[in-house]
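Student: I am new to this structure and would like to learn how to read its features one at a time. Could we begin with a single residue and work outwards?

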Amino acid sequence: MHADVCRWGRPGVEPTVAVWGNSFARMWVPALGLAADPHRVAGVSLLLSRCPPLLGVSVPDSPGCAAFNKEALAFIEAHPALKTVLIGGNWTSFTHDLPALGDTIAALTQRGRRVVVILPPPAALYDVPRSLALAALHHEPAPPLQSEAAARAALAGTTAILSDLHKTQTFETIDPFMALCDGDTCAVAREGHALYADQDHVTRFGSTLFPSLFDPLFAP
């Protein structure tokens with residue numbers, strides 16, 4: 001398979017969870033590993049940059065994406081112990097193609113898999129590390145935080161499509177807003193560390209703060 005494939009979670013046990021997607025799935029692997037270990041569960045990642053897990057969709061910026069997604073599905077089918085599949089992507093960048101997510105979900109459920117879709121995190125208003133560093137350098141206040149209401153409004157198109165898909169497909173969702181927002185604003189830093197590597201990718205540090213977000217994947 002022409003992609004990043006790695007194992008995470010509890011050593012010495014057969015993987016039962018797969019995470020499939022692009023960098024918006026990859027960024028959560030540190031949290032997944034931390035969440036899986038106490039449950040004595042392991043998983044595997046099927047990841048390709050710039051390639052959302054949308055079966056049959058070609059992505060100009062990611063040559064071979066359609067072929068990779070076909071291979072990823074075949075890999076999952078060939079490993080029946082992989083009972084749960086977490087799929088993640090930058091859905092807001094693929095709104096016009098997002099109905100194809102229904103094809104991916106259907107293909108997995110038809111193969112007896114439990115499907116969980118992770119939503120994108122709230123997008124920041126600026127490049128977080130750069131903006132925070134410049135503010136500190138010039139002894140200026142940090143830039144304002146994004147309001148949760150505005151961040152959710154920016155995802156309205158995505159959530160509407162997912163709501164429609166729920167009418168015909170069976171899947172669960174995980175919402176990073178639950179970890180990053182407090183009902184008023186959405187955090188971009190904690191303990192002096194940026195939670196984002198840019199405007200919308202969570203850092204490794206940020207990911208490791210929120211393993212409980214993924215407990216529903218592993219709870220008996």
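**Reading a buried threonine and its surroundings**

Tutor: The side chain of Thr-104 reaches the backbone oxygen of Pro-53 at 2.9 Å, where a polar contact is a pair of N or O atoms within 3.5 Å, one able to donate a hydrogen and the other to accept it, with residues adjacent in sequence counting only if both atoms are side-chain atoms. This is a predicted model, in which local features need pLDDT of at least 70 and side-chain atom pairs count only at pLDDT 80 or more, while totals for chains, interfaces and linings use all residues. Residues are numbered from 1 along each chain as its sequence is written, and side-chain values use heavy atoms, leaving out hydrogens and water.

Student: Is Thr-104 buried or exposed, and which residues does Thr-104 touch?

Tutor: Buried means under 20% relative accessible area, exposed over 50%, and partly exposed in between, with a 1.4 Å probe and protein chains only. Thr-104 has 0% relative accessibility and therefore counts as buried. Contact means heavy atoms within 4.5 Å, and, not counting residues up to four places away in sequence, Thr-104 touches Trp-20, Pro-53, Leu-54, Leu-55 and Ile-87.

Student: In which helix is the place of Thr-104, and how many residues of H4 are buried?

Tutor: Helices (H or I, at least four residues) and strands (E, at least two) are DSSP runs numbered from the N terminus. Thr-104 belongs to helix H4, residues 101–110, which is mostly covered, with seven of its 10 residues buried. The buried residues of H4 pack against several elements, among them strand E2 (17–21), helix H3 (65–78) and helix H7 (156–166). Just after H4, Gly-112 takes a positive phi of about 80 degrees.

Student: Which residues of helix H5 are buried, and why do they line one face of the helix?

Tutor: In H5, residues 128–137, the buried residues are Val-128, Ser-131 and Ala-135. Seen down the axis of H5, these fall within an arc of 75 degrees, so they line one face of the helix; the arc is that of the directions from the helix axis to the C-beta atoms. On the other side of H5, Arg-130, Ala-136 and Leu-137 are exposed, while strand E10 (193–194) is included in what covers the buried residues.

Student: What caps the N-terminal end of H5?

Tutor: Asp-127 caps that end, with a side-chain oxygen 3.2 Å from the backbone nitrogen of Arg-130. Just after H5, His-139 takes a positive phi of about 55 degrees.
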